[in-house]
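Here are my notes on the model you sent over. Have a look at the structure first, then work through the points below.

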Amino acid sequence: MGKGVLVDLTKCIGCRACQVACKQWNELPVEDTKVQGDTIANPPGLSGKTYTTLAFKEVEHDGQFHWVFAKNQCMHCQYAGCKTACLVGAFDKTEFGAIVYEKNKCIGCRYCQMACPFGVPAYEWWSRTPWIQKCTFCADLQSNGLTPACISTCPTDALLFGERDDMIKEGKQRIAANPDKYVNHIYGEKEVGGTAWMYLSAVPFEEVGFYPMREEPVTHNVDNAMFAVPFGLAVVATAMTGCYFIFKRRRKLAQAKSRSGEGK
Amino acid sequence: MQNQEAQKRFPWGSLVLTAVAVLGLVAIVYRFLYGLGASTNLSDGRAWGIWISFDLYIGVALAAGGFTLAAAVYIFAREKYHAVIRPAILTAFIGYTLVILALLVDLGQPWFIWKFILHPNIHSPLAEVGLCVMLYTIVLALEFSPVVFERLNWRVPMKWIRTIQIPLIVAGITLSTLHQSSLGGMALIFSETLDMLWYSPILPLLFLISAIAVGPAMVIVEGSLTSRAFGHQLGRDVLSGLGKVIPVILGIYLAFKIGDLVVTRQLGLIFSTSSYTILWWVEVLFGVVLPMILLSRPSVREHAWKLFGAAGLVVLGVMLNRFTISWFALEARPAVGYFPHWMEFAVSAGLVAWAVAIVMVCNKVLVMHEHAEPEHAEEPELEGKPGIMVEPGAAPGN
Ligand code: SF4
Ligand code: SF4
């Protein structure tokens with residue numbers, strides 16, 4: 001089975017070491033940023049130059065104040081919308097479950113951006129020859145048996161890396177051990193069919209930018225529709241050909257009738 | 001002579017048209033020099049804009065007259081509509097060419113389009129749309145080519161086309177069915193981001209049926225306009241006959257649209273207070289129910305401008321539907337707004353201007369309307385039966 005990450009939001013101290021490690025390992029360019037009014041998140045979101053950011057959220061829950069630091073990146077879906085959507089198949093799933101993008105195939109239709117339920121793939125809008133950019137789950141490191149850069153950098157073990165199944169078990173154990181500390185939900189375990197990155201939180205997930213999603217993968221209905229295509233093709237082509245001959249014959253008969261009518 | 005007529009009826013028309021067409025070209029040049037970021041208001045939170053909503057989604061839907069009319073005339077032997085088959089196919093051909101051009105402007109790196117042709121991802125509905133649109137454009141070119149051959153008096157290619165006419169028509173209908181529905185298939189992946197009033201597993205079917213309805217509506221709209229501009233005598237019963245089938249198709253469409261909400265137990269949504277609810281009612285009442293009622297009345301169908309208006313409602317309704325699904329009710333990243341850059345408008349409008357200009361030129365230099373009188377239709381011409389390819393000179397009575 002694939003690898004997974006358990007992000008324990010209660011353990012994150014908002015140091016952004018993961019952000020820095022990601023920039024370094026993936027050799028991403030710096031981003032022009034400015035201080036925003038209501039949050040110290042910086043840069044404000046994922047972009048063509050940034051694979052991961054921390055959202056800083058101030059939340060009141062159960063009469064308590066929480067300052068939550070929520071790491072965002074590609075969730076590495078088990079049923080990835082981007083991968084199904086891409087018309088040239090530029091996305092691939094590695095053996096350990098990373099969804100990776102290969103720019104040599106991409107033509108820039110940006111359907112992947114629209115198809116991702118988490119709004120992850122970003123585009124190099126400023127460029128004349130733009131590519132898609134998104135978190136690779138450090139597939140290069142993983143294929144050498146190493147841990148993704150952000151995870152090995154995290155000083156508080158807020159990011160736990162391992163087999164996805166084990167991560168789910170671990171998450172359930174933590175919730176069971178501390179039912180007052182966590183909301184009883186592992187975000188990503190079932191959302192859109194399950195994602196490699198999963199989260200534990202002390203506050204309701206939608207308060208920190210993880211929106212409720214169905215368990216049905218976004219690819220479900222698409223796969224069904226595409227499966228029906230060859231049949232649709234056969235049925236329509238046959239029906240049209242059939243109708244053509246039927247109506248042609250009808251016309252002939254009608255004409256023959258009218259002619260014999262004239263003959264009388 | 002016709003020239004002057006058209007000028008009198010639409011003064012300034014060609015001047016405005018030229019201006020818009022040129023401005024569109026300028027915007028396209030700018031887009032390729034400075035990139036999408038500089039020429040559009042697209043962002044990571046809204047990666048598709050008006051070029052997809054208007055040029056692809058609406059462009060393809062409104063060009064559906066080509067395949068619906070081809071089916072009516074050649075497959076179901078409704079000879080009466082022969083008179084409008086040429087304009088319908090020409091509009092479809094030009095429409096699809098423009099869709100392709102617009103997509104080439106929209107693609108980040110269109111010079112790599114060959115990668116798509118060589119390696120399409122068979123699981124992607126967009127790939128299916130892309131391939132079908134390309135193939136169908138070729139089919140449309142072939143379907144229309146006899147009109148050009150006829151004008152040039154090239155008899156040999158005419159003969160070739162004539163022999164493959166029916167397979168071509170069948171291929172065109174099949175390709176159209178596939179990609180019209182797959183445009184809805186593309187939206188199926190928006191299950192988390194498209195408003196539930198529109199999201200449905202049967203979107204492909206809804207897209208197909210509404211395309212079938214808007215095809216004849218578009219032919220009516222266009223036929224009314226061109227016959228006014230060029231003084232063609234279109235038999236009134238041709239357009240009103242088309243108007244008669246539209247309510248039936250719209251009825252089926254409405255049944256599926258409502259039925260889907262009932263089956264998924266979401267009918268309550270249409271009475272909720274979100275602003276999308278209003279959009280839904282506007283679309284259904286003015287784009288579906290009202291034209292259904294109007295076009296069921298002979299008094300409307302027999303009256304040229306009333307017919308035009310009712311068909312126009314169908315067209316606007318489908319346009320609103322496609323805009324809603326690909327733009328208004330679609331939230332790719334939460335709270336990211338989008339309003340097109342003026343250059344995005346300029347490109348879309350410019351391409352439409354080119355389309356109108358080309359249609360006008362064709363109306364002047366080609367024989368666009370065969371006058372299929374009833375006698376003609378019943379002509380016992382069994383083998384070489386009238387096609388788009390039949391030369392008016394060769395048909396008796398002309
Ligand atoms: S989160 Fe988005 S980009 Fe990442 S795998 Fe899932 S669909 Fe693809
Ligand atoms: S933008 Fe590139 S990677 Fe994304 S769907 Fe289009 S071709 Fe595929």
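**Notes on the two chains**

1. Chain B has 16 helices and zero strands; these are DSSP runs numbered from the N terminus, with helices being H or I of at least four residues and strands E of at least two. A word on ground rules: this is a predicted model, where local features need pLDDT of at least 70 and side-chain atom pairs count only at pLDDT 80 or more, while totals for chains, interfaces and linings use all residues. Residues are numbered from 1 along each chain as its sequence is written, chains are lettered from A and ligands numbered from 1 in the order in which they are written, and side-chain values use heavy atoms, with hydrogens and water left out.

2. How much of chain B is buried? Of its 398 residues, 57% count as buried (under 20% relative accessible area, with exposed over 50% and partly exposed in between; 1.4 Å probe, protein chains only). Chain B exposes about 16,200 Å², and carbon and sulfur atoms supply 72% of that (Shrake-Rupley method, 1.4 Å probe; for residues, only the protein chains shown count as cover).

3. Take a look at helix 3 of chain B, residues 50–62. Eleven of its 13 residues are buried, so this helix is largely enclosed by the rest of the structure. The buried ones include Trp51(B), Asp55(B) and Tyr57(B).

4. Tyr199(B) sits in the loop between helix 9 (165–187) and helix 10 (203–230) of chain B. Tyr199(B) is buried, with a relative accessible area of 5%. Leaving aside neighbours within four places in sequence, its contacts include Asn221(A), Phe190(B) and Leu194(B) (contact means heavy atoms within 4.5 Å).

5. Over in chain A, which residues come nearest to ligand 1? They are Cys74(A), Met75(A), Cys77(A), Cys82(A) and Cys116(A), out of 14 around it (near means a heavy atom within 4 Å). For ligand 2, also with 14 residues around it, the nearest are Cys86(A), Cys106(A), Cys109(A), Arg110(A) and Cys112(A).

6. Chain A is divided into domain 1 (3–79 + 133–208) and domain 2 (218–264), with bounds from an automatic or database domain assignment. The C-alpha centres of these two domains lie 56 Å apart.

Conventions: Expected span 1.5 Å × (residues − 1).
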